[in-house]
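Please walk through this structure with me. The text below moves from charged pairs to a metal site and then to one helix.

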Amino acid sequence: MTNDWWKNETAYQIWPKSFMDSNGDGIGDIRGITSKLDYLKDLGIGILWISPFYPSPLADEGYDISDYYGIDPRFGTMEDFDELISEASKRSIHIVIDMVLNHCSDEHPWFRKACEDPDGPYGKYFYIMDREGDRLPSNLRSYFGGPVWEPLPGHPDKVYLHLFHKKQPDLNWENPELRAEIYKMMNWWLDKGVSGFRMDAIINIKKVLPFHDYPADRDDGLASVQQMLTEQTGILDFFREMKREVFDKHDTFTVSELFNYKPEDLPALIGTDGGCFSSIFDFSTELCGKSPDGWYHAKPFLTADEYRESVFNSQKAIGEKGFFSNIIENHDEPRGVSHYIRQDLWGARSKAAKKALAGTYFLLRGIPFIYQGQEIGMENISIPSIAQVDDVETLNEYRTALAAGLSEDEALQAVAPFSRDNVRVPMRWTEAPDCGFTTGTPWTPLYASPENNVEDELQDPDSVLNFYKKLIRLRGNEEYWDVLTNGEFLAYNEGQSNIISYFRWNGICTLLIMANFQPECQNIELPDEGKHYEVILTNGAPLHIYGNTATLLGWQFAVVQVR
Ligand code: TEU
Ligand code: CA
């Protein structure tokens, strides 16, 4: 029997380098996280997902791990981590760690040994192939640009596979010894007291073998990894084995990063009865508006109608088969308030608009995740020059934009709205230049607007922060927790432009969630006349209902109980 203790929790993602610095070196750390547990508890958080803190050369900010059993000294020590687990547990907060299992760092001892002896046991931990003249084993394009094959250090006749950065060699999951090593490590962390895992880029662990070419989809003659993933079969076998060898042995919460899964696999992936993972992220809205050509061709923000169509399709697809994890941003995506609110509309940056977006995604069926700073309405930053950019993906997309003929200035403007640096700047604890994040100098020259900061928002009853608290309390409320956790999602009024409205219903309680994503007011016809409507939450001004017509003010959000 699995105990789904996590269903009614609110999760919070920490990107440790920029959350809180405890020792003044300008880099966020584990003790910094521990120092903010009371803040998180007060917010109402039950699950903390912490992005990688393992030893790493930081070629991809920690998603390149050189020791799966350690803590990078920049972030602290194992004692600090043990203290974090025990302090979190005192506050009923579950720690979920990031498992990066598709690849490790090229500085991991496994890869070093593979380079020393490609024919030895560690050679089989990776995909190392003989090079036939100039021909590579396939023409796939790495997610971070260029071919996925790189000469094996010390062996010019051989190449190794890296779907991401060349400092992130892919692990060979076909090798049972590698899988056993990984499961041992995962069990070790669970035994230590972590409650679960966020599974990084996990769809990629199954390759289509033998490697072969695909039709080129850009001028570089290469093909997107997506093409291989479309052909992929058999990944569920790995997931089932992992569940058996790891998850089932503990009461593990798992949330997977799975772009491009096959919809028919949803029950096997997260089905309430025997799914491999507890949940997967719903990335439908993140994918909406993107272009196969790259960021320079993507939409910098979505309209409310595009957002609604995308997220409603997901909600309908999952139904009650399982629980998605719902997000509006994470460490790879721009700020939700800058991307999912039409920035050309009057009031787009207002507290009301931000709260409308917050309420709309938060009460969908699934587990709501908040990314650090989202709860105070942090926005995308301004990036004055490409020289200040840290993120490998942004640098690659910038080169792609230049190659497509954009000028340097145009290329920067085009990639800035998507840069992962937008969300990787220090958390705004205060309005001070150091953000209240460090007593030293922050590790990055980039920073977010001082306007949205925790110190001020804790004081302001109408702040975005206090609205998130209300949403979390509502989801935990005795009367509403069941409908907001287990209740069905039912789309309502899908034809009305700039309005997003839906029901949550569990057979006993009916809630109608409504938001108006424009500055002008709008009337919404409520269902069945004669029912009693009780407004239980708004994002500011009271909601007016006359008969069966609700008048939503510009950017108004409301939750109404229909009795
Ligand atoms: O991301 C996986 C992934 O597919 C990314 O390419 C993602 O689509 C992109 O960053 C969105 O802008 C995971 C991690 O979340 C990411 O931070 C890592 O860089 C990546 O894996 C490699 O570990
Ligand atoms: Ca530090």
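**Charged pairs across the chain**

Glu61 and Lys17 form a salt bridge through their side chains, at 3.0 Å from N to O. This pair joins distant parts of the chain, 44 residues apart. Glu61 sits in the loop between β2 (47-50) and α3 (78-90). Lys17 sits in the loop between β1 (11-14) and α1 (30-35). The model is predicted.

Are these two partners buried or exposed? Glu61 has a relative accessible area of 9%. Buried means under 20%, so Glu61 counts as buried. Lys17 has a relative accessible area of 8%, so Lys17 is buried too.

A second salt bridge brings together the side chains of Asp98 and Arg198, at 2.9 Å from N to O. Here the link runs between strands: Asp98 belongs to β3 (residues 94-100) and Arg198 to β8 (residues 196-200). The two residues are 100 residues apart. Asp98 is buried, and Arg198 is buried as well.

Next comes Glu107, whose side chain meets that of Lys167 in a salt bridge of 2.7 Å, N to O. Glu107 lies in the loop between β3 and α4 (109-116), and Lys167 in the loop between β7 (155-161) and α5 (176-192), so this pair ties together parts that are 60 residues apart in sequence. Glu107 has a relative accessibility of 32% and counts as partly exposed.

Some salt bridges share partners. Which residues do they join into one network? They are Asp60, Asp332, Asp391, Glu393, Arg420 and Arg424. Across the whole structure, a search finds 40 salt bridges.

**The calcium site**

Now turn to the calcium ion (ligand 2). Its coordinating atoms come from Asp21 (OD), Asn23 (OD1), Asp25 (OD), Ile27 (O) and Asp29 (OD), at 2.2 to 2.4 Å. Along the chain, these donors follow the spacing D-x1-N-x1-D-x1-I-x1-D. One of the donor residues, Asp25, is partly exposed, with a relative accessible area of 38%.

**Helix α16**

Finish at helix α16, residues 464-476. It has 13 residues. From first C-alpha to last it reaches 19 Å, close to the 18 Å expected at 1.5 Å a residue. How many of its residues are buried? The count is 10 of the 13, so α16 is largely enclosed by the rest of the structure. The buried residues of α16 are Val464, Leu465, Asn466, Phe467, Tyr468, Lys469, Leu471, Ile472, Leu474 and Arg475.

Methods: Residues numbered from 1 in each chain as written. Chains lettered and ligands numbered in written order. Predicted model: local features only at pLDDT ≥ 70, side-chain atom pairs only at ≥ 80, totals over all residues. Heavy atoms only, no water. Helix = DSSP H or I, 4+ residues; strand = E, 2+ residues; numbered from the N terminus. Expected span 1.5 Å × (residues − 1). Buried < 20%, exposed > 50% of the residue type's maximum accessible area, 1.4 Å probe, protein only. Donors = N, O, S within 2.8 Å, 3.2 Å for Na, K, Ca; no water. Salt bridge = Lys/Arg side-chain N within 4 Å of Asp/Glu carboxyl O.
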